[in-house]
Amino acid sequence: MAKKKRTVRIAHELPRDRRIAIKKALEDHETETRSDWDRENEWKQIRFCRKIIKPGQLRTVEMPLLNVSLGDKWPISVTIIHGKRPGPVVTILGAIHGDELTGTSACTNLLSPKFTGPEGSLNPNTVAGTIRIVPVVNLPGYREKSRYFPDGRDLNRNFPGRSKGSTTSRVASQLWHNLIKSSDVIIDMHSAAKGRSNMPQIRADLSHPESNLLAKAFGIELILDSRPPKGSLRQKANANDIASITYEGGGADLLDQQAVGVAVHGCMNVLRKLKVIPGNPHRPKFRLNAGGSKWLRAGEGGLLDMFVKPGSIVERGDVLATISDPNSPGLLVDIVAPEDGLMICTATNPFVTAGTPVAHFLPVSKHIELIKTQIATDGTLIVSGSLGEPIWREDDEVEEVEVGGEWSVGGVDAEWNIETAADNDDDEDVGETSPQKSAV
Ligand SMILES: [Zn+2]
């Protein structure tokens with residue numbers, strides 16, 4: 001007997017203003033008929049940083065972050081896969097924060113012969129459109145294992161930048177004019193900042209229609225509906241009507257191969273959805289569209305022993321962590337789950353004081369049983385792409401689950417930010433405010 005399909009739609013749980021904004025944006029949005037992507041159109045060679053790339057060619061070009069005659073230009077490596085046929089320009093970025101390596105590793109994977117070789121999906125002879133892959137955007141930060149630029153600024157708060165501004169602002173301007181402005185679609189890949197780790201997730205402004213479609217095309221289970229931080233690449237791209245999403249997975253200074261696998265899987269899904277490469281995009285069994293979350297804090301100081309990790313599915317009352325103090329042997333304080341839910345981020349640094357945020361929690365209440373249908377032996381949610389390719393699925397077979405609430409203090413990571421970075425009040429994946437300050 002055929003199994004009856006279960007549909008979960010709980011739209012009333014999203015905040016009313018977001019529900020209205022998203023619905024209106026999608027209704028008003030008419031899918032653009034991009035005549036320039038028409039397969040019959042003439043498709044020419046392109047020029048990037050004075051280098052010519054012909055249709056059907058893959059070429060790696062050096063792009064300087066600074067236009068200087070003296071000193072380091074910080075030349076970043078941009079690989080351009082210029083397809084044989086017309087199509088969109090898709091830009092895939094890693095390490096805008098120099099210590100966040102998930103995106104860097106995902107880009108390196110995509111550039112391997114497995115994908116770009118004669119039989120690979122990204123072979124330029126079979127591509128329609130142009131794919132630009134940049135494994136490391138913040139080159140000086142990467143060299144120093146730092147989130148920041150050498151002037152202590154956060155590149156992802158300085159877009160679109162100024163050519164006569166600060167060092168970081170000049171770099172943002174250079175990136176904006178040479179790489180971002182000419183993109184149709186941007187996938188910007190990040191990890192959690194130092195001291196914590198994220199489960200794979202997409203962040204997008206779901207009231208921006210093209211970004212909404214892009215977020216869903218990525219094909220994973222968790223989407224956080226969040227308006228982008230001021231000065232972020234995502235904000236400026238959306239303001240210029242460029243579809244843009246942020247992928248988050250793993251933590252700074254870590255190489256979480258499952259998060260990398262999900263990133264590669266998601267990028268390929270987007271390219272399939274846009275028909276840049278052949279094949280059907282994979283879709284998740286369900287999708288959590290989250291409008292809010294809760295941060296859990298340490299009530300006491302000492303050493304934190306976490307029993308859960310990013311992606312752990314927990315029930316109300318489960319002990320998530322204990323805090324002990326070497327100066328008070330034998331005394332333990334538990335941190336328990338306030339509701340049934342999903343740990344979307346957990347601390348990796350064991351040093352805590354009273355008030356330190358230790359976990360980012362997504363209450364999923366009545367949908368816990370649905371989520372548990374995709375649980376791994378270690379108690380975490382199996383995210384599509386982390387364990388090989390999932391089965392193909394029709395779009396209307398995806399169960400949409402809306403998780404209500406609001407982001408405390410107005411932003412996804414603002415709670416963390418208040419504790420760790422007093423002058424950086426709307427960060428997306430916050431770490432230290434400067435290289436001198438410790439995150440926790
Ligand atoms: Zn980041």
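A nonpolar core is a set of buried Ala, Val, Leu, Ile, Met, Phe, Trp, Tyr and Cys residues joined through side-chain atoms within 4.5 Å; buried means under 20% relative accessible area with a 1.4 Å probe, protein chains only. The model is predicted, with local features requiring pLDDT of at least 70 and side-chain atom pairs pLDDT 80 or more, while totals for chains, interfaces and linings use all residues. Residues are numbered from 1 along each chain as its sequence is written, and side-chain values use heavy atoms, without hydrogens or water.

Select Ile92 and Leu288 to begin: they have the most contacts inside the largest nonpolar core, which has 58 residues. Next, display helix α8 (residues 257-273), which supplies the largest share of this core, nine residues; helices are DSSP runs of H or I of at least four residues, and strands are runs of E of at least two.

Return to leucine 288. Beyond its neighbours within four places in sequence, its contacts (heavy atoms within 4.5 Å) include Leu222, Ile223, Leu342 and Val403. A second, separate core of 30 residues can then be selected through Val134, Val171, Leu179 and Ile186, which are among its members.

Move to helix α2 (residues 102-110), where seven of nine residues are buried, Cys107 and Leu110 among them. The elements covering these buried residues include β5 (85-94), β10 (243-251) and α8.

Finally, select asparagine 198 in strand β8 (residues 196-204). Asparagine 198 is buried, at 2% relative accessible area. Its side chain makes a polar contact with the side chain of glutamate 248 at 2.8 Å, such a contact being a pair of N or O atoms within 3.5 Å, one able to donate a hydrogen and the other to accept it within protein, where residues adjacent in sequence count only if both atoms are side-chain atoms.

Key:
Buried < 20%, exposed > 50% of the residue type's maximum accessible area, 1.4 Å probe, protein only.
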